[in-house]
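Hi everyone, thanks for making time for this. Let me put the model up on the screen, and then we can walk through it together.

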Amino acid sequence: MDTLLAEQRRHIGDFQVVDFVDEEQIAGLRKKLDVDVPLELHWTWEYGSEVEELRALYERGKKGQWNAEEDIDWSIPLAREEWFMIKEGGALMPSVLSMMGADDSICRAAAWDEFSHLISQLLHGEQAALQLCGQLVNTCPTMDAKWYAGSQVIDEVRHVEVFSKFLHRKMGVIHPIDPTLKVLLDSLLAAPTWKTKVLGMQTLFEGMAVGIMDLVKRANTSPLIADIITRVHQDEARHAAFGILTMRRTVREATPDEMTEMEDFSFNVLETLNANQQLDMLRDLCPKYGLDAENVVLMLLGQENWAQFNSDVFMHTVIPNLARLGLITERTEAKYRACGIMWGDRFGTAIDGDVQASLPGS
Ligand SMILES: [Fe+2]
Ligand SMILES: [Fe+2]
């Protein structure tokens, strides 16, 4: 499998980044609203349960429903004039600005912008998850998978609802989708088989989402954000569990060639996300604060313990999950380590508690 987004690659120092700098090209990606999706719809006449663990997860999902309009206390304010996350290490831009001696109000403004940018990207990701789960309802072979995917559709609708309302009501902005994210999400939506879609969305992207949301939870100090992220994170943990349960069976039945394909696909998607090194965000926000995006990345890459802190979000859930599925092998492990997304034990230090709780028998 070839490197993804090869034409966008270049080097910053020794590190190969994915970098979009052509505004027209970025606008073109955002304007591409129609995606050709080859979808094979599958009927089944087996209405009883064939995949017990998915039925259990579906039952768990029914109990975990919540109402984004009524269960969230939208009266809790979020003020631009106050910090809503820890000042040190809560986000990249304010940390860099603080190191450069910027005053507190500038650092706070940058934290606001970076957070609204992050939640906007999560929002666009939620829309992709919604569309993809709709596809899974059609294309998954068993009734259990269809029921589960159907239940995930309403979860994803709720996530689109809660993040878009949060951005509208509290932050006043929705940032456009980052180009690297758009390309990757389009490729999952257009993937030819349901197995690749589940590996891409539920295993890789939702595994990443669980890690990102946990880091946000730890850094943030606003009760409103805490409530929203905790609720979404619990749903995402079920979705990541669906990825694990489905991929366990898929891996058991896979030929050596199919295994190689899945191993390479997983590595390429995660490597590409990492290769962006937040340049899409930095290119958007840095000019406003007099920073140079490339210098920020160069500075990060030059830190002594870069690989360790860079791998944090990957080692939280997605890498340990892939390792447990047998999708990180001796052949690919060195590649993960070389690009700074695997650190320490390949199984991580702990698997996310909510993901663990969603797996049957735990
Ligand atoms: Fe979601
Ligand atoms: Fe999800």
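The 4 donor atoms around the iron ion (ligand 2) subtend angles of 91 to 165 degrees, and that makes the arrangement irregular. For the geometry label, four donors count as tetrahedral if all angles lie between 85 and 135 degrees; four count as square planar and six as octahedral if opposite donors are over 155 degrees apart and all others between 65 and 115; anything else is irregular. Donors here are N, O and S atoms within 2.8 Å of the metal (3.2 Å for Na, K and Ca), and since water is not among the atoms, sites may look incomplete.

Before I go on, two housekeeping sentences. This is a predicted model, in which local features need pLDDT of at least 70 and side-chain atom pairs count only at pLDDT 80 or more, while totals for chains, interfaces and linings use all residues. Residues are numbered from 1 along each chain as its sequence is written, chains are lettered from A and ligands numbered from 1 in the order in which they are written, and side-chain values use heavy atoms, with hydrogens and water left out.

So, which protein donors does the iron ion (ligand 2) have? They are Glu156 (OE), Glu206 (OE), Glu236 (OE) and His239 (ND1), lying 1.8 to 2.1 Å from the ion. Along the sequence, the spacing of these donor residues reads E-x49-E-x29-E-x2-H. Glutamate 156 lies in helix H5 and glutamate 206 in helix H7 (residues 194-219), so this pair ties together parts that are 50 residues apart in sequence. For the element names, helices (H or I, at least four residues) and strands (E, at least two) are DSSP runs, numbered from the N terminus. Both glutamate 156 and glutamate 206 are buried. By that I mean under 20% relative accessible area, with exposed being over 50% and partly exposed in between (1.4 Å probe, protein chains only).

Now to the other metal. How far apart are the iron ion (ligand 2) and the iron ion (ligand 1)? The distance is 3.0 Å, and glutamate 156 coordinates both ions. Around the iron ion (ligand 1) we find Glu126 (OE), Glu156 (OE), His159 (ND1) and Glu236 (OE), at 1.9 to 2.2 Å. The donor spacing for the iron ion (ligand 1) is E-x29-E-x2-H-x76-E. Its site is irregular as well, with angles of 86 to 149 degrees among the 4 donor atoms. Glutamate 126 counts as buried at 4% relative accessibility, and glutamate 156 does so at 0%.

Side chains of opposite charge can pair when their charged atoms come close. I call it a salt bridge when a side-chain nitrogen of Lys or Arg is within 4 Å of a carboxyl oxygen of Asp or Glu. The structure holds 26 of these salt bridges.

Please find aspartate 19, which is buried, with a relative accessible area of 4%. Aspartate 19 pairs with arginine 10, their closest N and O atoms being 2.8 Å apart, and also with arginine 283, at 2.7 Å from N to O. A network of salt bridges links Arg10, Asp19, Arg283 and Glu294.

Another salt bridge joins glutamate 263 and arginine 331, with 2.8 Å between the closest N and O atoms. This pair also links distant parts of the chain, with glutamate 263 in helix H9 and arginine 331 in helix H15 (residues 330-338), 68 residues apart.

Last, a word on the backbone. Leucine 5 has a positive phi, near 55 degrees, in a residue other than glycine. Leucine 5 sits in the segment before strand E1 (9-12) and is buried, at 11% relative accessible area. Glutamine 278, not a glycine either, has a positive phi of about 65 degrees. Glutamine 278 is in the loop between helix H9 (256-275) and helix H10 (279-285), and it is partly exposed at 41%.
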